[in-house]
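User: Please go through the fold of this chain with me, from its overall dimensions down to single elements.

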Amino acid sequence: MVCTPVVLFDLDGTLVDSAVDLLNALNVIVRREGGEPLPLAAIRPVVSKGARAMLAVAFPDRDAAAREALVPAFLEVYAQAVAEHSTPFAGIEDVLHAIEGAGARWGIVTNKPHYLAEAVVATMQWSRRCAVLIGGDTLPRKKPDPDQLFLAAETLGVQAADAVYVGDDERDIIAARHAGMKSIAALWGYREAHEDPSAWQADVLVEQPSGLLAPGILVR
């Protein structure tokens with residue numbers, strides 16, 4: 001197998017199914033605020049869009065400023081149990097082993113705060129395997145801006161055009177396109193019913209992680 005030299009991944013909804021841990025943290029805040037706990041189905045579609053999107057689902061009657069005030073508490077609760085129930089999506093470990101077996105490297109570029117992403121990566125036992133980890137607070141701008149992807153490529157000593165980015169949200173695809181990277185839309189991730197990945201203009205759409213190992217995707 002001859003693989004693209006560097007494969008970069010989004011984290012939540014692409015490598016890791018973290019929805020249950022995020023829901024549990026969100027429901028702590030909901031209860032504190034006097035509300036009824038939410039079911040997983042309520043927030044799963046917006047997990048990839050981050051804390052503010054989840055808080056918007058939980059508190060639709062509050063304005064953006066009121067929800068913003070809850071972000072620190074939500075992240076604090078989440079940090080206390082960051083990956084108790086989170087697991088790699090089925091087939092992801094096979095993909096990572098295949099990349100490593102081909103002598104290539106893989107890394108993570110996420111909008112999740114770096115300290116939280118680092119904790120998830122450690123729980124997955126990927127810390128020594130992940131060649132680069134760029135968080136949402138590593139730089140002033142984050143996806144859909146391409147800055148994080150440029151930094152990841154620079155850190156690994158490759159041109160952005162020699163890397164591939166895999167993500168489950170439209171902003172992942174936009175960031176990759178602006179960075180000049182091949183983009184792969186991960187259709188197994190989190191998205192809302194109205195979202196149409198075929199409209200994102202990704203270079204490739206992949207239904208399941210195992211599809212990343214099909215000829216012409218990561219394999220040259």
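Predicted model: local features only at pLDDT ≥ 70, side-chain atom pairs only at ≥ 80, totals over all residues.

User: What radius of gyration does the chain have, against the value for a compact globule?

Analyst: A compact globule with 220 residues would have a radius of gyration near 17 Å. The C-alpha atoms fill a box of roughly 55 × 35 × 30 Å along the principal axes. The radius of the chain agrees with the globule value, since the chain has 17 Å.

User: What percentage of the residues in the chain is buried?

Analyst: The accessible surface of the chain comes to about 9700 Å², and 51% of that surface belongs to carbon and sulfur atoms. A residue counts as buried when its relative accessible area is under 20%. Of the 220 residues, the buried share is 50%.

User: How far apart are the centres of domain 1 and domain 2?

Analyst: Domain 1 consists of residues 6-17 and 86-213, while domain 2 covers 18-80. The two are in contact through 18 residues of domain 1 and 14 residues of domain 2. Taken over C-alpha atoms, their centres are separated by 23 Å.

User: Which strands are the edges of the six-stranded open sheet?

Analyst: The chain has nine helices and eight strands. Six strands form an open sheet with parallel pairing, in the order β5-β4-β1-β6-β7-β8. An edge strand pairs on one side only, and this holds for β5 (133-134) and β8 (204-206).

User: Which residue of β6 stands opposite Val7?

Analyst: Strand β1 spans residues 6-9 and strand β6 spans residues 163-167. These two strands pair in the parallel sense over four bridges. The residue of β6 opposite Val7 is Val164.

User: What angle does the direction of helix α9 make with that of β7?

Analyst: Helix α9 (residues 170-179) packs on the sheet. There it touches β6 and β7, the latter being residues 182-186. The directions of α9 and β7 make an angle of about 170 degrees.

User: Which helices do the buried residues of α3 pack against?

Analyst: Helix α3 runs over residues 51-58, and its buried residues are Ala51, Ala53, Met54, Leu55 and Ala58. In an α-helix there are 3.6 residues a turn, so residues three or four places apart point the same way. The buried residues of α3 pack against α1 (19-32), α2 (40-43), α4 (64-68) and α5 (71-80).

User: What percentage of contacts in the chain joins residues at least 24 apart?

Analyst: The count takes contacts between residues at least 6 apart in sequence. Contact here means heavy atoms within 4.5 Å. The share that joins residues at least 24 apart is 65%.

Notes. Residues numbered from 1 in each chain as written. Heavy atoms only, no water. Pairing = 2+ DSSP bridges. Axes fitted to C-alpha atoms, helices over the stretch in contact; angles between N-to-C directions. Rg over C-alpha atoms; globule rule 2.2 N^0.38 Å. Buried < 20%, exposed > 50% of the residue type's maximum accessible area, 1.4 Å probe, protein only. Areas by Shrake-Rupley, 256 points an atom, 1.4 Å probe, with all protein chains shown as cover. Domains from an automatic or database assignment.
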